[in-house]
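Hi,

Here is the structure I promised to pass on. Have a look at it first, then read my notes below.

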Amino acid sequence: MKRSIIFWIGAVAFLVAVLLMTQIIGNEYPFFAGYVILQFIVLAVAWSILGGYAGYVNFGTSAFFGVGVYTAVLLVQATGAPLAVQIAVAAMVGALLGLGVGLLTLRMQGIFFSIATIALTIVIETSVTNWRYLGGAAGIQLARPPVTPPFHSYVQMLFFVQALLVVLAVAIARYIQNSWIGRGLQALRDDELAAECTGVPTLRLKLLACVISGALMCAAGAPGAMYLQYADPASAFNLNYSVSVLAMSLIGGTAHWVGPVIGAILLGVTQQLLAVTISSEVNVLVLGIMLVLFVIAAPQGLIGLFRKLTHGRAEGKA
Amino acid sequence: MDLLLDAVVIGVLLGCFYAAVSIGLSVSFGLLDVPHVAHPAFLVMASYAVFFLNDRFDIDPLVAGLLITPLLFLFGLAAYRLYYETFERRGSDAAVRGIAFFFGVAFIIEVLIILQFGVDQRSVTASYIGKAWRFGDMRIPLRLVVAFAVASALTILLALYLSKTFMGRAIRAVAQDEEAVRLMGANPVRIKQWAFGVATAVLGVAGALLIIVAPVDPSLDRAYIGRTFCVVVMAGLGSMSGTLIAAIILGVAETIVLTLFGASWAPAISFAMLLGVLAVRPQGLLGRRS
């Protein structure tokens, strides 16, 4: 109970700080860069709900993200719906997509699920590419509506909205981790057959995790359309999102919700610096190498390393 | 109608080529259960090695493919050893990280290729590239015929290796029951390592075919994740004859869709078929497991 109070005080303090930043800092660049990092935090936390607690490696982050982007595009094109509606609808679409993917693939063991999620990404990307109304392969330009006070610019507003999504994602992940859902997911990750036999409703739990994770990923993608004022299938569904989010979660460590947050901040900042100073290729290279190194040498991620240092024992579970 | 017939003929040729690029995965993933997502990346890497030899020393791409085969074999041995020591030996949770490991390796290879060769498409030169055979109205590119011939030979050779030789049978024995092989006094890890080496070595010629059939670019491995896994899963994990049949089905399906609906749908076909197979018949056409 006490921990919950501390958590919520921290969350509110974070949001207030973000709101103050948007009021005080006039330069747009920090928000432009910060938005991407916040977006990756949401994606990484959402990924860990299925990938970390349940141990199902989802390569389809880009599918969910892209669907989020294009749900927003479709809504803007058809009805000119406001941002909040775009995000809410994207979350619903993401939940449905998660349910569909889950029903289709979660009966399979690990690798098949992973392959199926890549397949899904490409199938959806190709469908969007062939959908003229959404701009097709060439992409589509979008005009931002006027900004709502108290924000001075649209990017600042998006930054705040994404910060809200971060708090939402972390709160959900934290709730799952501490509730019977999280314990069930961890049980099925350790030994699915044993969990099933002791009465853990494994399929339902996996579906639930997949739905929640999908909804959060799509919600994180939705503001992306207005952020860039442009959307095209090749970049919205780029597999780089999948590998980035995978790397962030595994490098941070997936046993606790703090892991993906740390991983996303660390890699997100590194990526922003590298993209500005060197090139985006080197960016992906650094990401890939760090992913492989951590997977080999520090399987529990930074959290695991930290626990080893403080307890002297490696065996730490959340 | 003529167009459709064209599509079927080209599709069969293309299908045999798909069998050649998938057969390594059929061994590593189908028989050994290694979640080898980096297989297509290895394939594209082999293609670039062939491109380098062809471009710099003017070596025929097929010869170049044979030249790099021993290197790829050693690379495969080393890769499996690393995978085994870091993941398989550590047990349960390792599978998850094994997948992530190969995914990471695939991206590293892709970026290294971009840094070395750039993002442009690359192709090779040889006497049989650019010419075509004509049968009445039908026009078949000679490069596809060469790829078909070599691919069929490669697939059949590997299938014979697995069914007739001692080592080949040992590989299939490990796939069937690792514990029993251990009890017979053989070392399953060394057999698997050898098998993984063979699966990687095959990519030398397969990579040469890849760049003969069409120009390659660094991100081509993403498309081939769909094609190779579609073929291997549809085949039924580890079935060699299934691999050939599944690859031909995929080849024909791709060319027909291409003819009827246009090239923009092409990337999705293999992935959609893969999803379909996973949903309807995950054990594949000729599955070894029910």
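A quick word on confidence before anything else: pLDDT is the predictor's confidence in each residue, running from 0 to 100. This is a predicted model, so local features need pLDDT of at least 70, side-chain atom pairs count only at pLDDT 80 or more, and totals for chains, interfaces and linings use all residues. Residues are numbered from 1 along each chain as its sequence is written, with chains lettered from A and ligands numbered from 1 in the order in which they are written.

On that scale chain B has a mean pLDDT of 86, with 96% of its residues at 70 or more. For chain A the mean is 85, and 97% of residues reach 70 or more. One stretch to treat separately is 314-318 of chain A, where the pLDDT is below 50; beyond near neighbours in sequence, that stretch has 8 contacts in the model. A contact here is a pair of residues whose C-beta atoms, placed from the backbone, lie within 7 Å. For the complex, the predictor gives an ipTM of 0.85 and a pTM of 0.88.

Now chain B itself. It has 12 helices and 2 strands, where helices (H or I, at least four residues) and strands (E, at least two) are DSSP runs numbered from the N terminus. Along the sequence the order is α-α-α-α-β-β-α-α-α-α-α-α-α-α. The radius of gyration (over C-alpha atoms) of chain B is 19 Å, close to the 19 Å that the globule rule (2.2 Å times the number of residues to the power 0.38) gives for 290 residues, so chain B is as compact as a globular protein of that length. Confidence in chain B is lowest in strand β1 (residues 132-135), at a mean of 77, and highest in helix α2 (residues 39-57), at 93. Of the contacts in chain B with a separation of 6 or more, 78% are between residues 24 or more positions apart.

Cheers

Definitions and conventions:
Two residues are in contact if their C-beta atoms, placed from the backbone, lie within 7 Å.
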